[in-house]
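Please keep the sequence and the model in view while reading.

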Amino acid sequence: MLLAIDCGNTNTVFSIWDGTAFVATWRTATEWQRTADQYYVWLSTLMEFQGIEADITDVIVSSTVPRVVFNLRVLSDRYFNTRPIVVGRPDCLLPVDVRVDAGTAVGPDRLVNTVAGYDKYGGDIIVVDFGTATTFDVVEEDGAYVGGVIAPGVNLSLEALHQAAAALPHVDISKPQRVVGTNTVACMQSGVFWGYVGLVKEICARIKGERDRDMRVISTGGLAPLFQQSVDLFDAYEDDLTMHGLTVIHKHNKENSISHER
Ligand SMILES: Nc1ncnc2c1ncn2[C@@H]1O[C@H](COP(=O)(O)OP(=O)(O)OP(=O)(O)O)[C@@H](O)[C@H]1O
Ligand SMILES: CC(C)(CO)[C@@H](O)C(=O)NCCC(=O)O
Ligand SMILES: [K+]
């Protein structure tokens, strides 16, 4: 079985893939200090608790935080006796081209989202991921990643207001009842919620305009449904797009590269 690890700047998600379906998914805060042994205690406890007897033979990692990769490598090596595939490293093959400026290190999560989006929907799509940052990834007709947009994440935007302004509280995002807020929290929620609706609309329209074609917009990330509730922003929503992409990349590497086994 495959252990797929999607490490974002805020959260790290571990999923076990049996070749057909995900048998379990667990989420933990991203902390680069966490050691391989700590990961294993956490993972094995959850597996035992849920009665999952997974024989993990393969590990694939996508990490937007370079420092955590070392301990995830040790985890893979020490407890699963396998060398992990690390997306973005030269020995990890991608099933699609990456056409960006020379020397640009595209975030591995964006590459994985691109692969997943192309696998599920084909080309000419925009993948929008509401993570720590909100990213827009543009997929060419042939599946190539051809660039995109990085905007501040929803929670980050609210947190920035709280951090920078003494009188602004910590607020969770939600859809405000009205645009005109009559209290501080409602005003902040309105600014971020409706501001975000505008941001997504404008960026997608401009991408389509720049490329002079219609493109399907696929959303992923925990907050996508909140926005979709109010306005028709996306053509489809996928709750586990990054994880799906990791399984596609793993399969591609298994079929096309020299063995990752020891
Ligand atoms: N209905 C909701 N209301 C508020 N927050 C939500 C809701 N659903 C999900 N979230 C939060 O939205 C955030 C988005 O989750 P997601 O997994 O897409 O990215 P992340 O873990 O924050 O970022 P990264 O992948 O960059 O670490 C998470 O912090 C999650 O707890
Ligand atoms: C933009 C984030 C933070 C989104 O998770 C990540 O993809 C990243 O660190 N990217 C590196 C820069 C780039 O993708 O061009
Ligand atoms: K994510």
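A pocket is found on a 1 Å grid over the protein atoms alone, as an open set of points where a 1.4 Å probe fits, with protein on both sides within 12 Å along at least five of seven lines. A molecule sits in a pocket if more than half of its atoms lie within 2 Å of its grid points. By these criteria ligand 2 sits in the largest pocket, and ligand 1 sits in the largest pocket.

This is a predicted model, in which local features need pLDDT of at least 70 and side-chain atom pairs count only at pLDDT 80 or more, whereas totals for chains, interfaces and linings use all residues. Residues are numbered from 1 along each chain as its sequence is written, chains are lettered from A and ligands numbered from 1 in the order in which they are written, and side-chain values use heavy atoms, with hydrogens and water left out.

The chain is assigned domain 1 (2–86) and domain 2 (108–245), with bounds that come from an automatic or database domain assignment. The C-alpha centres of domain 1 and domain 2 are 26 Å apart. Between the domains, 12 residues of domain 1 are in contact with eight residues of domain 2, contact meaning heavy atoms within 4.5 Å.

A polar side-chain atom of Arg27 lies 2.9 Å from an oxygen atom of ligand 1, and for the side chain of Thr132 the distance is 2.6 Å. Taken alone, ligand 1 exposes 620 Å², of which the protein buries 63%; accessible areas come from the Shrake-Rupley method with a 1.4 Å probe.

Around ligand 2 the residues include Asn9, Thr64, Gly107, Asp109 and Arg110, and the shell comprises three nonpolar, four polar and two charged residues. A polar backbone atom of Gly107 is 2.7 Å from an oxygen atom of ligand 2. Polar side-chain atoms also approach ligand 2 oxygen atoms, that of Asp109 at 2.5 Å and that of Arg110 at 2.9 Å. The protein covers 72% of the 380 Å² of accessible area that ligand 2 has on its own.

Methods. Near = heavy atom within 4 Å. Polar contact = N/O pair within 3.5 Å; in protein donor to acceptor, adjacent residues only side chain to side chain. 1 Å grid on protein atoms, 1.4 Å probe; cavity = no way out; pocket = protein on both sides within 12 Å on 5 of 7 lines; lining within 4 Å. Nonpolar A, V, L, I, M, F, W, Y, C, P; charged D, E, K, R; others polar.
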